[in-house]
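This briefing goes through one protein model, topic by topic. It starts with a single strand residue and then moves to the fold, the core and selected side chains.

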Amino acid sequence: MKSNNIPAAVISSAVAALLIVGLANQAYAAQINASLIPEFDRAAGSFIGVKFVQMRYEPGSAVADLFNGRTERIEFSIPGTNSSGIDRLIAAANQALLRVQSPVQIVSANLTYSGAIRGEADRLMLTYSVEFIPTFSGFKLDRNATDNIPIDINWRGFVIDGPVLVDSPEHGTVNVNQPIGLLSLAFPEFAEGLAGSSEEARQIMEEPILDFSEVGAMSMERWHWLFDPTWSQASTGGILSGEGIGRAKVMSVYSLGECSIREGCPPPKESDTTVSIDGTPVQVHISTPQPNSQIEIAGFTSIEKAGGQEIIRVEMDNPSLSLPPFTMQVLMVLAGMMGAIAFFVLFKSRK
């Protein structure tokens, strides 16, 4: 007769995955969500660049007259490769990967862009969300390895510099990688005046949106690690042409962005400057949310150092893996959750 007892480690991993992923989805907008299949050297991911810009000005000023009550929203999606400027985006991303010393190369991608403008009597708010959805390969550092596979992890910190122009279906050519792109499309004269008002303003409005350097700067040893033996948290379904995850027994899940007692909460990135446009003082504030990501890897994983770089080594099966006792593991997860909830409540109360 088969036993119905489920190992405590399996239960704790499943509970932890459900709790952490659910909480992260409520409190943060994910920046990277990637799934890697080392056995096949194939991967897919969603890389989301998010920025917020707020400009404050005097009510009744020329700038207030321009924006008060104005709302604009630019949204579009571009599927496929070698069309509508996606080829230029892929080329720029591959160059960015080389700069972070990653052998990864992107072979195809989709793009979704969302930009919103909302003007009020004393402020203008700009919101950007750019989702770059590539399939990629080249992270498998030993092409002949079938087990105990070393993989590159530097790819997670790439930054696409400069403007990236794509041809949107309804809005023409759009610079999707810099905040100035949205203003240039909707209010070109104001955008030109803002960019030319000062070097600080130009730098703020030309910050790359597809910038994952904060994610890459965080050592993998500081990411939270879980494994999912039931694959219930895996998002690989359908992305690898039916190949699944191969011989791997579990999905290893690394997550970044949850608050913890040991590390606190990752801070957002912010910059400020004050400029004069048409004689009106304008305070410009730009912010990027705190880094938050999840990377799923098919197999049991361990972090290693190689020549000053971090790599991850992957085994298809690891029966000797030791895990914390069920009670301790769940308590650790719940402690992290409570820190995240406290931060989220404080954040909401101050808005």
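Strand β5 contains threonine 135. The model described here is a predicted one.

- The side chains of threonine 135 and serine 108 make a polar contact of 2.6 Å.
- Residues up to four places away in sequence aside, threonine 135 touches Ala43, Ala44, Ile106, Val107 and Ser108.
- Alanine 43 is 92 residues from threonine 135 along the chain, yet their C-alpha atoms are separated by 5.7 Å.

**Overall make-up**

- The protein has eight helices and 15 strands.
- It comprises 351 residues, of which 46% count as buried.
- Among contacts with a separation of 6 or more, 76% come from residues 24 or more positions apart.
- The accessible surface is about 16400 Å², and carbon and sulfur atoms contribute 53% of that.

**Nonpolar core and tryptophan 155**

- In soluble globular proteins, nonpolar side chains tend to be buried together.
- Here the largest nonpolar core has 78 residues.
- Leu36, Met55, Trp155, Leu183, Leu194 and Met205 have the most contacts inside that core.
- Beyond residues up to four places away in sequence, tryptophan 155 touches Ile32, Ala34, Leu36, Phe47, Leu97, Ser102, Val104, Phe136 and Ile295.

**Aromatic pairs**

- The structure holds 10 aromatic pairs.
- One of them joins phenylalanine 158 and phenylalanine 212 in a tilted arrangement, with 5.2 Å centre to centre and 55° between the planes.
- This pair links distant parts of the chain, its members being 54 residues apart.
- Phenylalanine 158 sits in the loop between β6 (149-152) and β7 (165-168), and phenylalanine 212 in the loop between α6 (199-205) and α7 (213-217).
- Both phenylalanine 158 and phenylalanine 212 are buried.
- Ring pairs connect Phe47, Phe136, Phe139, Trp155, Phe158 and Phe212 into a cluster.

**Helix α5**

- Which residues of helix α5 (residues 188-195) are buried? Phe190, Ala191 and Leu194 are buried there.
- These residues lie on the same side of α5, because they cover an arc of only 100° around the axis.
- Glu189 and Glu192, on the other side of α5, are exposed.
- The cover over the buried residues of α5 includes β2 (42-56), α2 (62-67), α4 (180-186), α6, β11 (269-277) and β12 (280-288).

- Glutamate 310 belongs to strand β15 (residues 309-315).
- Is glutamate 310 buried or exposed? Its relative accessibility is 9%, so glutamate 310 counts as buried.
- The side chain of glutamate 310 reaches the backbone nitrogen of methionine 220 at 3.0 Å.
- A second polar contact of glutamate 310, at 3.5 Å, is made with the side chain of lysine 305.
- Apart from neighbours within four places in sequence, the contacts of glutamate 310 are Ile153, Asn154, Arg156, Ser219, Met220, Glu221, Ile303, Glu304 and Lys305.
- Lysine 140 is placed in the loop between β5 and β6.
- Lysine 140 is also buried, at a relative accessible area of 8%.
- A polar atom of the lysine 140 side chain lies 2.8 Å from the backbone oxygen of alanine 145.
- Contacts of lysine 140, neighbours within four places in sequence left aside, are Pro38, Glu39, Asp41, Ala145, Ile149, Pro150 and Ile151.
- Lysine 140 and arginine 313 are 173 residues apart in sequence, with 9.8 Å between their C-alpha atoms.

**Positive phi values**

- Most residues other than glycine have a negative phi, and most peptide bonds are trans.
- Glutamine 101 has a positive phi, near 60°.
- Glutamine 101 lies in the loop between α3 (86-99) and β4 (105-119), and its relative accessibility of 57% makes it exposed.
- Asparagine 148 also has a positive phi, near 50°.
- Asparagine 148 is found in the loop between β5 (123-137) and β6, and counts as partly exposed at 39% relative accessibility.

Methods
Residues numbered from 1 in each chain as written. Predicted model: local features only at pLDDT ≥ 70, side-chain atom pairs only at ≥ 80, totals over all residues. Heavy atoms only, no water. Phe/Tyr/Trp six-rings, centres within 6.5 Å; stacked < 30°, edge-to-face > 60°. Helix = DSSP H or I, 4+ residues; strand = E, 2+ residues; numbered from the N terminus. Buried < 20%, exposed > 50% of the residue type's maximum accessible area, 1.4 Å probe, protein only. Arc of directions from axis to C-beta. Contact = heavy atoms within 4.5 Å. Polar contact = N/O pair within 3.5 Å; in protein donor to acceptor, adjacent residues only side chain to side chain. Areas by Shrake-Rupley, 256 points an atom, 1.4 Å probe, with all protein chains shown as cover. Core = buried A, V, L, I, M, F, W, Y, C linked by side-chain atoms within 4.5 Å.
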